[in-house]
Amino acid sequence: MSEVRPTIISVCTMCGDETGSPEPALHCPGQVLYQRLSQCMADAHPALTVKAVPCMAVCERPVTVAFQAAGAWGYVIAGVDAACDVYEVMAAARAIASSEHGIPAMADRPRFFRDGVVCRVPPVP
């Protein structure tokens, strides 16, 4: 595939928040990852966007992210380290965006991706 499809990185902003508050705490790992990814977007490929999601219901394995693109397989990945994995999340999003069906080659999947897959979601027709 020569083109890069628009791809959304969704980040659970409640992940790792142990306060019990219905609002994401600024210090919780999910919110930290979202903020760090948002800051990296200026240098990223224009086809990539990041959005905050209040809860992805994978609370036992924070932090959770999802990769979605029209006409492509999507992924839900848990156990992302907000302190370390920002550039790997960006690399995974680029690999998904550049792959023919949204399924990147194993060699293009960073370790957090290979170790953290919760599920792969089929494309919407």
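Guide: A residue counts as buried when its relative accessible area is under 20%, and as exposed when that value is over 50%. The model considered here is predicted.

Visitor: What percentage of the residues of the protein chain count as buried?

Guide: The chain has 125 residues, and 44% of them count as buried.

Visitor: How many helices and strands are there in the protein chain, and what pattern does the chain follow along the sequence?

Guide: The chain contains three helices and five strands. Along the sequence they follow the pattern β-α-β-β-β-α-α-β. As for contacts between residues at least 6 apart in sequence, 66% join residues that are at least 24 apart.

Visitor: Which strands run parallel, and which pair in the antiparallel sense?

Guide: Strand 1 (residues 7-12) and strand 2 run parallel and are joined by six bridges. In that pair, Ile 9 is opposite Val 50 of strand 2. Strand 3 pairs with strand 4 in the antiparallel sense over three bridges, and Phe 67 is opposite Tyr 75 of strand 4. Strand 4 also pairs in the antiparallel sense with strand 5, over four bridges; Val 76 stands opposite Cys 119 in strand 5.

Visitor: Which way do the residues of strand 4 point, and are they buried or exposed?

Guide: Gly 74 and Val 76 point one way from strand 4, while Tyr 75 and Ile 77 point the other way. All four are buried.

Visitor: Which residues of helix 2 are buried?

Guide: An α-helix has 3.6 residues a turn, so residues three or four places apart point the same way. In helix 2 the buried residues are Val 86, Val 89, Met 90, Ala 92, Ala 93, Ala 95, Ile 96 and Ala 97. Their cover includes strand 1, helix 1, strand 2, strand 3, strand 4 and helix 3 (111-116). The 13 residues of helix 2 reach 18 Å from first C-alpha to last, close to the 18 Å expected at 1.5 Å a residue.

Visitor: How many aromatic pairs are there, and which residues form the aromatic cluster?

Guide: Two aromatic rings pair if their centres lie within 6.5 Å, and planes over 60 degrees apart count as edge-to-face. By this rule there are three aromatic pairs. One of them joins Phe 112 and Phe 113, whose centres are 6.3 Å apart with 75° between the planes, an edge-to-face pair. Phe 112 counts as buried because its relative accessibility is 7%, and Phe 113 is buried at 1%. One aromatic cluster is formed by Phe 67, Tyr 75, Phe 112 and Phe 113.

Visitor: Which charged end sits over the ring of Trp 73?

Guide: The charged end of Arg 120 does, at 4.5 Å from the centre of the ring.

Visitor: Why does Ala 57 count as exposed?

Guide: Ala 57 counts as exposed because its relative accessibility is 62%. A glycine with positive phi is Gly 71, near 70°, in the hairpin of strand 3 and strand 4, where five residues separate the strands.

Visitor: Where does His 27 lie, and is it buried or exposed?

Guide: His 27 is in the loop between strand 1 and helix 1, and is exposed, with a relative accessible area of 57%. Its C-alpha atom is 9.3 Å from that of Gly 16, and the two residues are 11 residues apart along the chain.

Key: Residues numbered from 1 in each chain as written. Predicted model: local features only at pLDDT ≥ 70, side-chain atom pairs only at ≥ 80, totals over all residues. Heavy atoms only, no water. Phe/Tyr/Trp six-rings, centres within 6.5 Å; stacked < 30°, edge-to-face > 60°. Buried < 20%, exposed > 50% of the residue type's maximum accessible area, 1.4 Å probe, protein only. Lys NZ or Arg CZ within 6 Å of the ring centre and 35° of its normal. Pairing = 2+ DSSP bridges. Helix = DSSP H or I, 4+ residues; strand = E, 2+ residues; numbered from the N terminus. Expected span 1.5 Å × (residues − 1). Contact = heavy atoms within 4.5 Å.
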